[in-house]
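Trainee: Could you take me through this model, one question at a time?
Mentor: Gladly; please have the sequence and the coordinates open beside you.

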Amino acid sequence: TRLDTGKLEYLFGGHSTAVTDVDWQIEKSSKREFLVTCADDCKVIMHLLNDRRKNSKKKWVLFRVFDSKKIDQSWHTLTYMKVVIDQGLVIVVSQFGFLYIWDFRKFVRDGLVFGKKVSFGSIEGLDVIPSNSENSLLICTASSDCTVGFFRLDKQIQENMISHSRIDKKI
């Protein structure tokens, strides 16, 4: 909705329950714009701004849908997410302590890089930063079980494994 006129510009659909997080990113190499959402329905939905045709109005189109119920079939909420656009990654955490990582450029295994329980509590915070090396990311989670988790995702092992260590001290 435009703030100056109140006119609805575009209505995003696709989720069946409350949307819990949103991220809007522009890919540097291609200048493509992505709007990514996660929700209580256990889905991550990526929309792509399609403006490749000359003289056409920009239009958001559905790009990818990731479903965490394929990994954890019990009811859960996807709580927070970060998009690392230039590495093609969507990193999402859940109310039941799961960490999910999808590569939106890959279609094998639905793009899933990692999906496992990493906390005994609900994950209530998420941050992602590049490490000192360009070949890995550091993922930090804050959980209701009074823990902070640090995880390193190495580029060369993205498809097979994730190494992690936990700090199990009350803060």
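Trainee: How much accessible surface does the protein have, and what share of it belongs to carbon and sulfur atoms?
Mentor: This is a predicted model, in which local features need pLDDT of at least 70 and side-chain atom pairs count only at pLDDT 80 or more, while totals for chains, interfaces and linings use all residues. Residues are numbered from 1 along each chain as its sequence is written, and side-chain values use heavy atoms, with hydrogens and water left out. Computed by the Shrake-Rupley method with a 1.4 Å probe, where for residues only the protein chains shown count as cover, the accessible surface is about 10,200 Å², and the share of carbon and sulfur atoms is 54%.

Trainee: Over how many bridges do β5 and β6 pair?
Mentor: Within this pair, leucine 78 stands opposite serine 94 in β6. β6 covers residues 89–94, and its antiparallel pairing with β5 runs over six bridges.

Trainee: Which residue forms a salt bridge with aspartate 110?
Mentor: A salt bridge is counted when a side-chain nitrogen of Lys or Arg lies within 4 Å of a carboxyl oxygen of Asp or Glu. For aspartate 110 the closest N and O atoms are 2.8 Å apart, and the partner is lysine 70. The pair links distant parts of the chain, 40 residues apart, with aspartate 110 in the loop between β7 (98–103) and β8, and in the loop between β4 and β5, lysine 70.

Trainee: Is aspartate 103 buried or exposed?
Mentor: The classes rest on relative accessible area with a 1.4 Å probe and protein chains only: buried is under 20%, exposed over 50%, and partly exposed in between. Aspartate 103 forms a salt bridge with arginine 105 at 3.1 Å between the closest N and O atoms, and arginine 105 is partly exposed at 44%. Because its own relative accessible area is 0%, aspartate 103 is buried.

Trainee: Which backbone nitrogen does the side chain of aspartate 67 reach?
Mentor: Aspartate 67 is found in strand β4 (residues 59–67), and at 22% relative accessibility this residue counts as partly exposed. Its side chain reaches, at 2.9 Å, the backbone nitrogen of lysine 69.

Notes
Helix = DSSP H or I, 4+ residues; strand = E, 2+ residues; numbered from the N terminus. Polar contact = N/O pair within 3.5 Å; in protein donor to acceptor, adjacent residues only side chain to side chain. Pairing = 2+ DSSP bridges.
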